[in-house]
Every structure is written in structure tokens, then in C-alpha cells.
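Here is my note for your reading group. Please keep the structure open while you go through the points.

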Amino acid sequence: MKSAVLAFVVFLVFIPQFSVGIRMIPGRIAAVSVTVGNVFDLGSFVEAPDYRNGKECVSQSSNRENFVSSCDASLVHVAMTLDSEYLRGSIAAVHSMLRHASCPENVFFHLIAAEFDPASPRVLSQLVRSTFPSLNFKVYIFREDTVINLISSSIRQALENPLNYARNYLGDILDPCVDRVIYLDSDIIVVDDITKLWNTSLTESRIIGAPEYCHANFTKYFTSGFWSDPALPGFFSGRKPCYFNTGVMVMDLVRWREGHYREKLETWMQIQKKKRIYDLGSLPPFLLVFAGNVEAIDHRWNQHGLGGDNVRGSCRSLHKGPVSLLHWSGKGKPWVRLDEKRPCPLDHLWEPYDLYEHKIERAKDLSLFGFSSLSELTEDSSFL
């Protein structure tokens with residue numbers, strides 16, 4: 001068991017050498033440290049290797065001195081939040097995507113920072129640029145007062161953070177020219193080419209795509225008050241609703257804006273303030289609006305729940321099947337458990353992407369662990 005986990009960690013670290021079209025130029029060893037005032041220290045981050053497009057890519061590298069537009073529809077557009085509490089996770093997530101992208105220079109990151117975060121959006125932007133000097137990204141400011149009066153209490157305080165609701169406002173926050181985006185939570189790592197997820201087709205005018213879990217007990221995401229209401233359950237009439245996790249979504253922002261989906265989510269949040277119909281943060285409104293009308297994406301793109309439940313954050317194992325994205329949804333976060341020296345086994349899969357201080361260790365040769373090819377590891381994670 002331990003040897004298999006260790007071998008998989010090595011696979012995650014070294015796969016860029018075998019990715020089509022990628023060239024990796026080592027980054028500098030010097031770390032970047034940012035302190036806000038005299039009291040809030042964001043810590044030190046090692047500069048990431050400079051991941052460049054290979055000759056097989058439709059290269060952006062020939063124009064590296066030119067401005068890369070956030071409106072460029074030929075790029076892969078990824079949206080994530082950026083805040084002081086989850087900064088370490090966001091940095092690791094970006095690092096994992098660049099490491100595994102076939103054409104890393106063709107990925108554009110839309111990073112959303114809260115207006116009143118202890119570290120200002122400008123400081124966070126400077127830290128990202130120092131850690132990833134050649135990254136294509138833009139930082140947007142999210143005004144918490146946009147949503148603060150709509151947020152109700154949740155079973156876990158972290159779920160009440162206004163930035164959790166930024167995904168509701170992507171159609172308004174991002175530049176109007178951005179027609180399509182992948183939204184990802186900060187507690188993920190990607191171990192596959194993000195372009196594959198980007199190429200998901202949203203059929204039948206669907207607005208979002210996500211891995212669905214139709215065997216989950218859908219009713220538990222709403223209170224007894226919701227199900228006993230004479231009118232509210234009727235909103236699922238004509239649909240076959242399935243659970244999906246909003247931490248990984250492919251979103252058509254043209255249809256989103258045209259259909260006024262931000263307003264539809266806000267309507268359910270207003271109902272929640274008057275009559276408590278759910279207990280979990282930002283997820284239930286998405287289920288109410290979209291469940292039963294989601295483009296189903298392969299489960300490999302959201303191996304979620306690795307952070308355990310929302311109360312204890314206990315250790316969990318991977319779902320059976322191949323893995324492209326690991327998601328530490330739930331209370332337990334890998335960087336916290338690693339620092340406290342009480343990691344879960346799967347937290348070690350996150351560790352190779354951690355650029356915080358000098359916590360990266362790399363083995364030199366996959367063959368040391370008895371694997372003749374990477375295909376032995378990429379097809380199925382059941383060996384874990």
C-alpha cells in the first residue's frame with residue numbers, strides 16, 4: 001500500500017517529462033516572502049519552474065513580450081479564487097495545472113480576490129507574479145458587500161466566507177469578452193492536461209458541465225422544511241436531479257448572462273434567509289437551479305471529498321477509477337494536516353505541488369519503483 005502511494009506521488013511529480021508539447025525550464029531557488037504590515041505573514045514561496053510551450057503547440061512563446069489578452073478565445077480559461085487563507089492551495093493548484101498542461105502558455109488564469117482580504121488584491125497579485133513570472137493571469141476584485149446580506153449560517157463557518165460565492169458572480173466579475181471558463185476550487189490539484197476538461201461540449205444549450213453523482217442521497221442537501229413545503233419541491237418537477245460538486249465546473253458564460261442565472265441563484269438565497277431550506281453554504285442554490293440539467297463529465301475530473309466531512313474532516317480514499325483531478329472538499333485541507341504532522345495518506349499526493357518554502361522533494365527515476373511505463377499508473381487508481 002505505502003509503496004503504491006509513493007510510486008503514484010513520483011508519477012505526479014514527473015509526468016511533465018512525458019507530456020506532449022511541454023518544455024520545463026527550472027525556476028530560481030530563491031523564495032518569495034510577503035508580509036502584510038507587521039502582523040500578517042503570507043510566508044515564503046519558491047519560484048516555480050518556467051513551463052513553456054513545446055513545438056507541437058500553437059505557440060504563444062513567439063509573442064512572449066506582447067500582452068496576452070484575457071479575451072483571447074484560443075486560450076484555456078480557468079477561474080479560481082485567491083485569498084490569504086487558501087493561498088497555499090491556490091498556488092499548488094496553479095502549479096499542478098502548468099506541470100501537466102500539454103501547452104502551459106495557452107492557459108489563462110482569472111483569479112478573484114476579496115476586496116477586504118487581510119492581504120490586498122495587489123499584494124496577492126504581486127505574490128502570484130513572483131511565484132509564476134511568466135503566468136498569464138488577471139486578478140479581479142470581488143466586493144463582499146455584493147453577497148454578504150444574502151449569506152445564511154452554515155454547518156461550517158468556512159462555508160460562510162463571501163468569497164465562496166464568487167462563482168455565482170463570474171458572469172459579472174470576469175471581462176464581458178470571456179465567453180467560457182473552467183471554475184475550480186482552491187483545494188484541488190490537476191494531474192492531467194487541463195485542455196481535456198476545457199474541450200468538454202455543453203450540449204442541448206446546457207449552462208454548466210460537472211461530474212454528476214446520481215446515486216447520492218439527493219434529499220439530504222435540503223431541510224425537512226423544504227421537503228414539507230407545499231410548493232418548493234415542485235421546482236424539481238420534470239427533472240431527474242443528481243448531486244454535483246460546484247468545485248469543478250465548465251461554464252458557458254454567454255448563456256449564463258443571457259439566462260440571468262446569477263439572479264436565479266440569489267432568489268434561492270433570499271428564500272433561504274426567510275425560511276431555512278438548506279444547511280450547506282453555496283452548493284444548494286446551484287442544485288436548485290441546475291440539478292437535472294448538467295452536462296455530465298467523467299468522474300475522473302472531480303475525485304472529491306478527500307477533505308473528509310464538514311465536521312470531523314476524517315481521512316478518505318479515492319473513488320474507484322482513473323484520476324485527473326483530486327479535490328480536498330470537506331473540512332480537512334492537505335497543507336494544514338501536513339503542517340500539523342497528522343496527514344492522511346492521500347495528502348502526500350498534494351505535497352509535490354506545494355511551493356511553500358522548501359517542502360518539495362523529488363525522486364529521480366520512476367523505474368526505481370518498478371514501473372516500466374506511465375500507462376500503468378494513469379489508467380486506474382484502484383491500486384491505491
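Leaving aside its neighbours within four places in sequence, which residues is Phe-244 in contact with? Point 2 takes this up.

1. Ground rules. This is a predicted model, so to speak of local features a pLDDT of at least 70 is needed, side-chain atom pairs count only at pLDDT 80 or more, and totals for chains, interfaces and linings use all residues. Residues are numbered from 1 along each chain as its sequence is written, and side-chain values use heavy atoms, with hydrogens and water left out.

2. Phe-244. Contact means heavy atoms within 4.5 Å. With those sequence neighbours set aside, Phe-244 touches Ile-208, Ala-210, Pro-211, Glu-212, Met-249, Leu-283, Phe-286, Leu-287, Phe-290, Ala-291 and Val-294.

3. The cores. A nonpolar core is a set of buried Ala, Val, Leu, Ile, Met, Phe, Trp, Tyr and Cys residues joined through side-chain atoms within 4.5 Å. Buried means under 20% relative accessible area; exposed is over 50%, and partly exposed lies in between (1.4 Å probe, protein chains only). The largest core has 49 residues. Ile-112, Phe-244, Trp-256 and Phe-290 have the most contacts inside it. Helix α9 (residues 283–290) gives this core its largest share, six residues. Another core lies apart from it, with 41 residues, including Phe-45 and Phe-109. In soluble globular proteins, nonpolar side chains tend to be buried together.

4. The whole chain. There are twelve helices and 15 strands. These are DSSP runs, numbered from the N terminus: helices are H or I, at least four residues, and strands are E, at least two. Of the 384 residues, 58% count as buried. Among contacts with a separation of 6 or more, 76% join residues 24 or more positions apart.

5. Strands β6 (residues 107–114) and β7 (residues 136–142) run parallel, joined by seven bridges. Two strands pair if DSSP finds at least two bridges between them. Ala-114 stands opposite Phe-142 in β7. With helix α3 (residues 121–131), the two strands make a right-handed unit. Right-handed means that, with the strands pointing away from the viewer, the path from the first strand over the helix to the second runs clockwise.

6. One face of α3. Pro-121, Val-123, Leu-124, Leu-127, Val-128 and Thr-131 are buried in α3. Seen down the helix axis, the buried residues of α3 fall within an arc of 160°, so they line one face. The arc is that of the directions from the axis to the C-beta atoms.

7. Asp-229. Asp-229 lies in the loop between α6 (224–228) and β12 (243–244).
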